[in-house]
Amino acid sequence: MTHDADPRFAALPGRPGKIVAIHLSYASRADQRGRRPQHPSYFFKPSSSVAASGTAIERPAGTELLAFEGEIALVIGAPARRVSLEDAWSHVAWITAADDFGLYDLRANDKGSNVRSKGGDGYTPIGPSLIDARTVDPDALRVRTWLNGELAQDDTAAGMIFPLPQLVADLSQHFTLEPGDVILTGTPAGSSVAQPGDVVEVEVDVPGGPTSGRLVTRVVQGDAPFDPALGSLPAADDLQRTEAWGSREAAGLPPVAEPVDAVTSPSTSSGTEAGSSLSLELRAKLEAAPVAGLSAQLRKRGLNNVHIDGVRPLHPEAKLVGTARTLRFVPNREDLFAAHGGGYNAQKRVFDAVGEGEVVVIEARGDAGSGTLGDILAIRAHARGAAGIVTDGGVRDAAAVAAVGIPVYSSGAHPAVLGRKHVPWEGDVTIACGGTTVQPGDILVGDGDGVVVIPPGIVEEIVDAALAQEDEDAWIAGRVAEGHPVDGLFPMNAEWRARYDARNGGER
């Protein structure tokens, strides 16, 4: 085997024509992320990102989340085009170790493609030695990663959601895998962040059998900044920190509060609507209770600042019930919009992540001088089963948004795009919408009167009291319709109360 003269490709038969990487493939990693794909999905890495063992990777200036991912790398030996699952492994010539480095500070703006976040020079170390694929059972392959000598990742191909031959066969359905092409087969749980000065080592082997040897990469600090005039700047939020480090705890972030009382987890309650944190029974009660009645009960308990003021429904006849998924805009500043407004920004991330039964609640400071969403995002929310959208800003393409059919409350229509007034800043944080504070997981109920926010811990109490009051008010209305005077009846005096209690079997 002859090597390419370029030392970067010393561990390979030559410079690869294609490097194809898979997003999620190990059960341990999928469980860690809380999502398991039904089918494999892929992205490309440039061959210029390949590096040899013993070289350094640079963490760019202004970034914090350079993550390592130890992986099994397959090197194609014979052309593969529409090969069967049974024949796929015969097209793999060699196996070796790889480290699929990724810069999570750039990940949001390259969602899925990973062009910038994983395509940097040195971001694909491979080697140091090749294992003959003919001599091993693919399920027996093991990948281990060490950070500064401490074992961080340890799993085998038997723990993959999609077996190694399936990846080869699947990719060959779409294009020809050519000799020298490399497939990066995904990383197990344990991937985390590497800091300047750290040493990351990856080894692929069959326990007691052949090994790739340890692939060694040193992390160094770069000093060349990104130019904001040319493209999006690095930006890290708590979601990216959590996924880069592997957990909120590892990233030094506080745990997310667990749902309480009447709000239940969809994974633990069979009476819960899929994807929602509201039980089916509670949702039905909230749909039956008028917002005015809920507001009255909240006021009786000292909660007066729970109304999202200044918003009107596009569908007054539709009831809105759901849990809050929050999105915050800050006032537009041109340099900040250049860094945060384009690409896969916070607005797009929230609409892509909203779950069934959730309501996207947007803080736009009551400034309706531009749209805060349009028909594309409304369609996305509707397709994901969202319960509705509430924004104290404007709606762009209002007629098209209304036609989507999802309940939407806004401060009005405006034709301008987001960048006129707002910068999409962050999601899943406490916000202020229409003069009231909204936290992720709060309960929102809306009808023709407006939208009210209910703390989840008292929602059952509030809705039961509102429904009881609604029943009482309906009985009073019936008596008024019969010709009785309001005085003494609304509110009821002792005589009328006794009659009402008697009608209800003496229960109040």
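1. In what order do the strands of the open sheet of seven strands stand, and with what pairing? The order is 2-1-12-6-7-9-3, and the pairing is mixed. Strand 2 (42-45) and strand 3 (50-51) stand at the edges; each has a single partner strand, so one side of each is left without a neighbour in the sheet. The model under discussion is a predicted one.

2. Within the sheet of seven strands, the pairing of strand 1 (residues 19-22) with strand 12 (residues 182-184) is parallel and runs over three bridges. Valine 20 has isoleucine 183 of strand 12 as its bridge partner. Helix 4 (residues 164-172) packs on this sheet, where it touches strand 1, strand 2, strand 6 (70-76), strand 7 (92-99) and strand 12. The direction of helix 4 makes about 80° with that of strand 2.

3. An open sheet of five strands is also present, with the order 4-14-13-10-11 and mixed pairing. Its edges are taken by strand 4 (55-59) and strand 11 (150-156), each with a single partner strand, so one side of each is left without a neighbour in the sheet. On average, neighbouring strands of this sheet are turned by 20° against each other, direction ignored.

4. Inside the sheet of five strands, strand 10 (residues 142-147) and strand 13 (residues 199-205) are joined in the antiparallel sense over six bridges. Threonine 145 has valine 202 of strand 13 standing opposite.

5. For the protein chain as a whole, the secondary structure comes to 13 helices and 25 strands. The C-alpha atoms fill a box of roughly 100 × 50 × 40 Å, taken along the principal axes. The chain has 508 residues, of which 49% count as buried. Of the contacts between residues at least 6 apart in sequence, 75% join residues at least 24 apart.

6. The second largest pocket holds about 270 Å³ of space. Its lining consists of 17 residues, and those nearest its centre are Gln347, Gly374, Leu377, Arg396 and Leu418. Two or more lining residues come from each of helix 9 (346-353) and helix 10 (375-383). Helix 10 gives the most, with three residues. By class, the lining has seven nonpolar, six polar and four charged residues.

7. Proline 290 is placed in the loop between helix 6 (280-288) and helix 7 (291-300). Its relative accessibility is 22%, so proline 290 counts as partly exposed. With neighbours within four places in sequence set aside, proline 290 is in contact with Lys319, Asp447 and Glu470. Lysine 319 is 29 residues from proline 290 in sequence, and their C-alpha atoms are 9.1 Å apart in space.

8. Which residues of helix 7 are buried? They are Val291, Gly293, Leu294, Ser295, Gln297 and Leu298. The buried residues of helix 7 pack against strand 15 (307-308), strand 24 (443-447), strand 25 (450-454) and helix 12 (459-481). Glycine 302, which follows helix 7, has a positive phi near 85°.

Methods
Residues are numbered from 1 along each chain as its sequence is written. This is a predicted model: local features need pLDDT of at least 70, side-chain atom pairs count only at pLDDT 80 or more; totals for chains, interfaces and linings use all residues. Side-chain values use heavy atoms; hydrogens and water are left out. On a 1 Å grid over the protein atoms alone, a cavity is a set of points where a 1.4 Å probe fits but cannot get out, and a pocket is an open set with protein on both sides within 12 Å along at least five of seven lines; lining residues have an atom within 4 Å of a point. Grid points are joined across faces, edges and corners, and a volume is the space filled by probe spheres set on the points. Helices (H or I, at least four residues) and strands (E, at least two) are DSSP runs, numbered from the N terminus. Ala, Val, Leu, Ile, Met, Phe, Trp, Tyr, Cys and Pro count as nonpolar, Asp, Glu, Lys and Arg as charged, and the others, Gly among them, as polar. Two strands pair if DSSP finds at least two bridges between them. Contact means heavy atoms within 4.5 Å. Axes are lines fitted to C-alpha atoms, for helices over the stretch in contact, and angles run from 0 to 180 degrees between N-to-C directions. Buried means under 20% relative accessible area, exposed over 50%, partly exposed in between (1.4 Å probe, protein chains only).
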